[in-house]
Structure formats: structure tokens, C-alpha cells
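I would like to walk you through one model, moving from the whole chain to a handful of individual residues.

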Amino acid sequence: MAFQKALKGTILVGGGALASVLGLSQFAHYRRKQVSLAYVEAAECLSEPVNREPPSREAQLLTLQNTAEFDILVIGGGATGCGCALDAVTRGLKTALVERDDFSSGTSSRSTKLIHGGVRYLQKAIMKLDIEQYRMVKEALHERANLLEIAPHLSAPLPIMLPVYKWWQLPYYWVGIKLYDLVAGSNCLKSSYVLSKSRALEHFPMLQKDKLVGAIVYYDGQHNDARMNLAIALTAARYGAATANYMEVVSLLKKTDPHTGQERVSGARCKDVLTGQEFDVRAKCVINATGPFTDTVRKMDDKNAAAICQPSAGVHIVMPGYYSPESMGLLDPATSDGRVIFFLPWQKMTIAGTTDTPTDITHHPIPSEEDINFILNEVRNYLSCDVEVRRGDVLAAWSGIRPLVTDPKSADTQSISRNHVVDISESGLITIAGGKWTTYRSMAEDTINAAIKTHNLKAGPSRTVGLYLQGGKDWSPTLYIRLVQDYGLESEVAQHLAATYGDKAFEVAKMASVTGKRWPIVGVRLVSEFPYIEAEVKYGIKEYACTAVDMISRRTRLAFLNVQAAEEALPRIVELMGRELNWDDYKKEEELETARKFLYYEMGYKSRSEQLTDRSEISLLPSDIDRYKKRFHKFDADQKGFITIVDVQRVLESINVQMDENTLHEILNEVDLNKNGQVELNEFLQVGTSHSVYG
């Protein structure tokens, strides 16, 4: 009962979410209990980081350029690549890492945001007596506990409800979930439990009531994936790894082994994407940790190498927070086509996903309207008919490419490995592929173990279990209160900073601008409805942000939460970044255009306009279309590709026409056919087809 009552308390964000659920004293006890992890003494005996703060990108580039030879060069700045760099550097190996885009720009920032063992994998392991999948679940549950411990500000346990609509399913699912707890052993976050129908609806009031029998609640972890990835990269940099984003590997370097006469990979030719400068980075061992692009690097090594990556696209959508409780997720274990859908609270919004469909490999995956509608239909099946699930409520959508792999050493090369694969080529290139976000650390440990053995490197055992990531060491559930009291920040902003930067939140607060108001004293927001402040832009540059896209998608998460809010914040973000990075007007315009394309194609805008195009019948003369286009562009002065209420108000003010805001909202709502809060060109033209109101 105490737990159920606590659910009604104030919800903190990030790591603070659990504090509000369990109560601060219980939360502190939980954290102390979780410290009992294997090998934690290895992390404790590790010396302090060599750098108090991560070196600048310029300093890192000089290190890459001027170091005669590294022990390890990692290609890829996702979770696994950064994990490899951290594992290597904390063993005392001279380590470098290069990433062609930004840290976590690919699959690692586009996950379901869960840290989990995989309930469905355990089910398959039991049903098929698959020992490999069982071991993967066991390993993932251990890694889940470790990740919750080393980055408490970015992660927290999350209760997830599995609603049951048939009596016979209740004992079936209960046994499965209890086995999940059992496999977790001492790493079990909290014991699962059964809820009656009435109690289930009390926790999840928007749930479909008809035929509901009850529910089972179990616990997994949740995190801020891009920020977690960045924390791993920053921690590696602080321990001495030379890490650089926007460094593309053009080719692999090779030299002949004097003992065997065989060619061996000895480094990489790298190109600074931002300046075009090229130079060689030499290393005794090169690690390929490029996720979906695994085969691209493998073919640099050997053009005849067989492809091992079988990419699969996973689409997620973000909806308003009122679609789910603030502290309870939902699992749909059997969708209409047999897939699994999660419906989770995240950053005060609601995430729904994911799909699992074969796809082509691309740097810019686009969520399809078909996948978005599939997720919406599945959500409708589980929510009460009182809740209207609207397409226009999709605030953002993205597609992540999951790099499923086949083991090249396996007799059955067509069989997809659910676990990770470490492959060593004849020339010594080490490839780490497959696996999942949760197990990044153990994947990195296995990879560095293979590197040490293959290349005769001198290093001890892995020291990353129990090793705090950047911001985690001195974080506490009450840290945000000090931010409010010491700096005069809004409580919501302070909670956000504590949950994003951990004990580094004070550095961001010191940079915060004075608001000019009585309260809050400091902390000017980028957009009014989100707690992101301008100081985060300046601090984000210290965290290696180089572009506006870096800032809206991975330093802040605006693009993943609400694309329209991200678009509104862009001009100010570009202005602030331009001031810090000395951008001229041309560069600022270029950044704005690139970021808007990113939002349009990769974060859900494109699918909206395609949906409208497919359903619209436009029967206008070419001359009429040109006329309407000119009028549309008069409203859309910023060339965003759509019109908002702000655009209409601006035009009306310019011609001295007064109209109250409610009337304006009603008019725009009629024109906004797909109900996404903005009017695209096709909507404008379709209304012109049906009515002559603009002519």
C-alpha cells in the first residue's frame, strides 16, 4: 500500500523518478543495496580521471594528429564504440575514438529508452530451450543493474504494466514475469506483482476497461539514451581517451608484419568533416563499432568480406504526456501482427513503439506513415474509447536502424545472432556488432579482451563495472533543491538540469542568464513549455556539440519530444551557438536549413505532409495553384513549409486587421486537416479547391 500511495506523489524527472515513487529514504536504501555488484572493487581502485573536464575538440584533434601510435583506435561513437573507448582507456591503454557524425547520432539515440533484459527474449529462450537467449537475458539483467548504479541521474527503474484480458493468461504471464525476476536474482529491481481490474485502472485510468481481468506489473530500467551515450564518451575523454566527433574514416591503413609477411591493419586515414582536413591516426589495434555500417568498414579491410549486418528499422512516436501515467509504462505483448509494443512515459511525454521491419542502411532513416499508423492503431486497442487517439497528437516520430547480425564464424551464416558478435579478420580488424543498448559495457569488455589477446597488448582486467559515468558520482535525489536555493532556478528547470547533467548541473546553472523577473532569477527558457534553458547551449558546446542538430536532438532532446517546439527554438539556438563558435551569417543560415531538413525528414514532419498529399484531391488550374502558392509563402515568410497561428497573426497585424485568438484558432483548425497544429501547402491548396475563401 505504501508503494501505491507513493505513486500519487510529485514526480521528479530522470533518476529522481524513483525517489518520488519509493520515498527518499527508501530510495537511498535501494541505491546502497544496488552497490553490491561484481568487480566493483576494480572501479574503486581506479585512479581519478586525468582531466577534470573533457578537453576541447580542438585539443583532441591535436592529440589524434600528433600521437605516434595508439594502442586502440575505435571507429564509431555510439554506445558500444564509446563503451570500448572507456573500457580500453581505464585499463591503461592509449586510446582514440573517431565518429563521422555526432556521438549517439545513429541508433543509440533512437531506442525505446529502456534498460532491460528483454521479457520477450526470456519467453523465447524457455519456449525454444535456447540457451544463447537465456544467457543474453541473464547478462542484460546484470548490466541493467550496473547502468542504473553508475548513471543514477540519467536512469531509474520503471514499473511496466502488462494488462490481461483473458483469465487463462493471468497465470501464464505471471509465471513468465516471475521467472524474469528469478533470472535477475540479486539484481532484481523490485518484485513483480498482480493487480485486480480496479487497481489496474487506478494506476492506468486510460486503459481499455472492457474484458479487462487484471494486470501484472514488473520492473525494468529507463534512461535518456543520447545523454547516456554522451556521458560514456565524456567519461572516456576525462580518463584520457582522444575522442572526436565529425571525424570520418576515409580508409584503413595497413602495414606488412615482418614476422609473417601478412598485411595488418595499422590505423586509419581520417577526415575532419567540418574543415576537410585529413591525417593518419595509427594504432596497434583498430576496432569497428559502427552499428548498421559494420559492413562498410569490413569491406574497407577486405572488399570480398561477406555482409553480416541485416538492418531492421524500429519506428517510435512521441505523444503528449496525458496518454500515459507519469510513472507507469505499458507492454502490449502480442500486437495484431505478433510484434511487441511498449507505451512508456518519458521526459513528461509518452513514447510508443517499436516496429521491426527490414530496411536499407542509410545515415538518415525516415519514419514511414505506415509504421506510425500501425503504432497508433495498436495504442487505440489498449486505451479506453473515451481517449481519442489522434494522428495530430504525434509530436515527433523517428526511425532507428537496429544492426542485427549473423556470425561469420557460424556454420549457419543465415541465422541471426540475438547476442553480440566479436569478429577478428585476417588482417587484425576487430568488429563488434549486434547486441543491445543495455549490454554495451559487457560488449565493450569482450571486445577489448579480444583486442588484448589478438594484438598482445599489455593491460589488466576491465574496470568499468561500478565506474560512475560523468555526472553520476555526487548526484542525489535532492540535488535539484540546492539548484533552486543557490541559483534561483525554477523547480522544473532545476529538476531537469539535475536529471540531465547530474553533479555537473551546477556548472550549467552558473552560466544561466538573468531573467529580469522577480522569479525565477536565472534560467531563460528556449521554449516556454519545456525546461531547456539558454545556458545549456553554451554548455553543450563544451560537450562537443558542433551543429544545431546536435543541440536540438542530443544535448537537449527537443527534436525527440516535439518537432514544432524544436523548430521554434532553432533561431535562438543558432544565434547562441554562432556567438560561441564565431559563425557568420551564411553559416547560421546553413545551420538553420540543415536542422529544419533534419526535423522534416528524420523527426516526423515529412510523413505528415505525405499523408496529406495521399488523401488530398487538388483540382485547381495551374494559374490558381501559382496564385495560392504565392499567398502561402506570404504567410510562411521563414520558408518552414507550413503556417502557424503566429504567422497568421503577423500578416494580419501588417495589414491592421484585428482578430481575437479564439476565432483565429477555430479558423486554422478547419484548415488544419491532419490536426497537427500547422497548415501545410497541400492543406492550403485543398481548401482552395473546396472553397474560394482566399480568392
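Predicted model: local features only at pLDDT ≥ 70, side-chain atom pairs only at ≥ 80, totals over all residues.

The protein chain has 695 residues, of which 60% are buried, and its secondary structure comes to 27 helices and 21 strands. If we take the contacts in the chain with a separation of 6 or more, 72% of them are between residues 24 or more positions apart.

Let me turn to the strands, with β10 as our reference. Which strands pair with β10, and in which sense, parallel or antiparallel? Strand β1, residues 70–75, runs parallel to β10, residues 278–288, and five bridges join the two; within that pairing, V74 has I287 as its bridge partner. Strand β9, which covers residues 263–272, pairs with β10 in the antiparallel sense, again over five bridges, and here C270 is partnered with F279.

K254 and V265 are eleven residues apart in sequence, yet their C-alpha atoms are 4.4 Å apart in space. Once the neighbours within four places in sequence are left aside, K254 is in contact with E263, R264, V265 and S266, and also with D301 and S427. With D301 there is a specific polar arrangement to point out, in that the side chain of K254 reaches the backbone oxygen of D301 at 2.6 Å. K254 has a relative accessible area of 31%, so it is classed as partly exposed, falling between the 20% and 50% limits.

Next, the helix pair I wanted to show. Helix α8, residues 131–150, packs against helix α9, residues 169–184, at an angle of about 65°, with the axes 9 Å apart. The two helices are therefore roughly perpendicular to each other, and their crossing is right-handed. On the α8 side the contact is made by Y134, V137, K138, L141 and R144, and on the α9 side by Y180, V183 and A184.

Is R110 buried or exposed? R110 lies in the loop between β2 and β3, and its relative accessible area is 6%, so it counts as buried, the limit being under 20%. The side chain of R110 makes a polar contact with the side chain of E602 at 2.8 Å, and also reaches the backbone oxygen of S399 at 3.4 Å. Not counting residues up to four places away in sequence, the residues that R110 touches include D225, H316, W398, F560 and F598. The second residue is D647, found in helix α25, residues 645–654; at 5% relative accessibility D647 is buried as well, and beyond its neighbours up to four places away in sequence it touches F635, K640 and F642.

I will finish with the backbone. Where are the cis peptide bonds I would like you to check? One joins G353 and T354, with omega about 15°, and T354 is placed in the loop between β14 and β15. Another runs from W519 to P520, with omega near -5°, and P520 lies in the loop between α17 and α18.

There are also residues other than glycine with a positive phi, among them K348, where phi is near 65°. K348 lies in the loop between β13 and β14 and, at 46% relative accessibility, counts as partly exposed. N456 likewise has a positive phi, of about 55°, although it is not a glycine. N456 belongs to the loop between α14 and α15, and with a relative accessible area of 65% it is exposed.

Methods: Residues numbered from 1 in each chain as written. Heavy atoms only, no water. Buried < 20%, exposed > 50% of the residue type's maximum accessible area, 1.4 Å probe, protein only. Contact = heavy atoms within 4.5 Å. Polar contact = N/O pair within 3.5 Å; in protein donor to acceptor, adjacent residues only side chain to side chain. Pairing = 2+ DSSP bridges. Helix = DSSP H or I, 4+ residues; strand = E, 2+ residues; numbered from the N terminus. Axes fitted to C-alpha atoms, helices over the stretch in contact; angles between N-to-C directions. Parallel < 35°, antiparallel > 145°, perpendicular 65-115°, else oblique. Left-handed = near helix turned anticlockwise from the far one by under 90°.
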